[in-house]
Amino acid sequence: MPPSLTSFTDDALIAFDNLADRAASLVNPTIRLGVTGLSRSGKTVFISSLVHNLLNGGRLPLFEAVQSGRVSSVQLEPQPDDAVPRFQYEDHIRALVKERIWPDSTRAISELRITLQYQSASGWNRLFSPGRLSIDIVDYPGEWLLDLPLLGKDYGTFSEETLALAQTGIRAELSRDWLALTEATDIDKPADEMQARDLSQAFTAYLRACKSDERSLSTLPPGRFLLPGDLDGSPALTFAPLIPPKDGHPSRGSLWAMMERRYEAYKAVVVKPFFREHFARLDRQIVLVDALQAINRGPEAVQDLERALTDVLACFRPGTNSLLSSLLGRRIDRVLVAATKADHLHHESHDRLEALTRRLVDRAIERIGMAGAGIDVMALASVRATREATVQRDGHTLPVIVGTPMDRETIGDETFDGLRKTAIFPGDLPENPKWLFEALESNPANVHLPDVNVVRFRPPELDETGGGIKLSVPHIRLDRAMQFLFGDRLA
Ligand SMILES: Nc1nc2c(ncn2[C@@H]2O[C@H](COP(=O)(O)OP(=O)(O)OP(=O)(O)O)[C@@H](O)[C@H]2O)c(=O)[nH]1
Ligand SMILES: [Mg+2]
């Protein structure tokens, strides 16, 4: 992002917040961890399981500080930001563990502080009092992140790009009504509230159709059009792209001018505050992606995911907030892109899922010309809802996964009731994702993506200790993610 994204006042405010953060951090060392991903990517489940495993002494062999016994206590504490909703950990974990249902969708930002007391690994530091690290976990929708590039775009550019994209692939079909309306609109005519509303509603319907379409996974800015919250119906959310004028600038009272003003208002009241109050204060970031879902939905969904990932990673490009970093000495220095729900696959495919995601990320990094330092990629399951087994068929031993499909899930013509367990073939991912991407590039319509499991399982039943105490939530590679995200701060 070019420095012009922020004004001098923004920078001053951010600098001020950061100074305050840093002053607080001197007394109580703190790390701000952003957890993001598009809706349903698994943010709530990730945070719930991470916290549950830390609080309940989960099996975390790859998280060194816990593995070596240096963490002496873990507890939840009141978060520092009074204006941000708390992440309702207790409710989510009750759903997951007691009721064995997935937590409800959360649609906005929330925050939780967890504090670890630990012994430093180095003898020198051990001389001082035991270490203490607070992790402020911030859960926010990936859709908000996709809005950040708008800060660098004027209304004309935004309109042009949005209209161009709406005419490609599946989108052409979904945008037909809205585009027809846009084409019939005279941008020079005097501004009219009802016309603005009609255009905005047609535009929102198109955005919604993209998002819910079976074949694609698209999420397009402006992110708040689909998650309006308390801004619903406000002028800042009642605009739409228009076909830019060929020459000259439409007059002041025109429809174009009105829409342009509202677009700027959206940036001012929605995007900038998020950037300033939340994004600019993060130290570390995990981006969750549901790569399996994209693969299941087809080639256009994979390309779409790649586009979204490119836009997301561009927000973290080192040097992008270079003005910021030089001013404030603060920048997100580690980003983890994690493909979630790996428990839908047999463990042989976990590395393949990782390789495939890495390929997506590498291409994104290449496209935005960003060095790979500080970025890692993993495949994980925050909650492992399945276990592995094998079955014999026609003299062959085949890997299967076993779990309890959710109520009313179907496989073939069989419908499940949420109680009965079943074994399914999880499907295979290609060993080398290269061919997949080459094919996607040359002829996306003809690419046949591998069939992978799409059955949704209930959360697992937790094992108990001899004393009847429930153990922590089972996971896949969650400990590796912890090590990358904050292990170094417990050295
Ligand atoms: N099997 C399995 N399913 C998961 C896992 N994580 C998430 N899911 C599934 O994905 C769904 C969405 O997870 P959430 O954590 O609610 O996703 P989110 O990103 O918080 O979604 P929003 O709040 O709507 O943005 C859940 O309801 C589960 O069905 C996982 O580790 N394993
Ligand atoms: Mg959520």
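How far does a backbone N or O atom of Val 45 lie from an oxygen atom of ligand 1? The distance is 2.8 Å. This is a predicted model, so let's walk through it together, starting with the ligands and moving on to the strands and the nonpolar cores.

**Around ligand 1**
- Ligand 1 has 20 residues around it, and those that come nearest are Thr 44, Val 45, Ser 105, Thr 106 and Asp 343.
- A polar backbone atom of Thr 106 sits 2.7 Å from an oxygen atom of ligand 1.

**The magnesium ion**
- Ligand 2 is a magnesium ion, and the OG1 atoms of Thr 44 and Thr 106 coordinate it at 2.0 to 2.1 Å.
- These two residues link distant parts of the chain, being 62 residues apart.
- Thr 44 belongs to helix H2 (residues 43–55), whereas Thr 106 is in the loop between helix H4 (89–99) and strand S3 (110–118).
- Thr 44 has a relative accessibility of 8%, so it counts as buried.
- Thr 106 counts as partly exposed because its relative accessibility is 29%.

- Strand S1 (residues 30–37) is mostly covered, with eight of its eight residues buried.
- In a regular strand, side chains alternate between the two faces of the sheet.
- One side of S1 carries Thr 30, Arg 32, Gly 34 and Thr 36, the other carries Ile 31, Leu 33, Val 35 and Gly 37, and all of these are buried.
- S1 runs parallel to strand S4 (residues 131–139), and six bridges join the two.
- In that pairing, Val 35 stands opposite Asp 139 of S4.
- S1 also pairs with strand S5 (residues 284–289) in the parallel sense, over five bridges.
- Here Thr 36 is the residue standing opposite Val 287 of S5.

**Strand S3 and its partners**
- Eight of the nine residues in S3 are buried, so this strand is mostly covered under the rule that buried means under 20% relative accessible area.
- Strand S2 (residues 71–77) runs antiparallel to S3, and six bridges join them.
- Gln 75 has Thr 115 in S3 as its bridge partner.
- S3 also pairs with S4 in the antiparallel sense, this time over nine bridges.
- Leu 112 stands opposite Ile 137 in S4.

- In soluble globular proteins, nonpolar side chains tend to be buried together.
- The largest nonpolar core in this model has 84 residues, and Tyr 140, Phe 279, Leu 313 and Phe 316 touch the most other members.
- Helix H11 (residues 255–277) gives the most to this core, contributing ten residues.
- Another core, of 41 residues, lies apart from the largest one, and its members include Ile 31, Val 35, Val 51 and Leu 133.

**A buried serine**
- Ser 159 is part of helix H7 (residues 155–166).
- Is Ser 159 buried or exposed? Ser 159 is buried, because its relative accessible area is 0%.
- Leaving aside residues up to four places away in sequence, Ser 159 touches Pro 241, Leu 242, Pro 244 and Trp 256.

Conventions. Residues numbered from 1 in each chain as written. Chains lettered and ligands numbered in written order. Predicted model: local features only at pLDDT ≥ 70, side-chain atom pairs only at ≥ 80, totals over all residues. Heavy atoms only, no water. Donors = N, O, S within 2.8 Å, 3.2 Å for Na, K, Ca; no water. Helix = DSSP H or I, 4+ residues; strand = E, 2+ residues; numbered from the N terminus. Buried < 20%, exposed > 50% of the residue type's maximum accessible area, 1.4 Å probe, protein only. Core = buried A, V, L, I, M, F, W, Y, C linked by side-chain atoms within 4.5 Å. Pairing = 2+ DSSP bridges. Contact = heavy atoms within 4.5 Å. Near = heavy atom within 4 Å. Polar contact = N/O pair within 3.5 Å; in protein donor to acceptor, adjacent residues only side chain to side chain.
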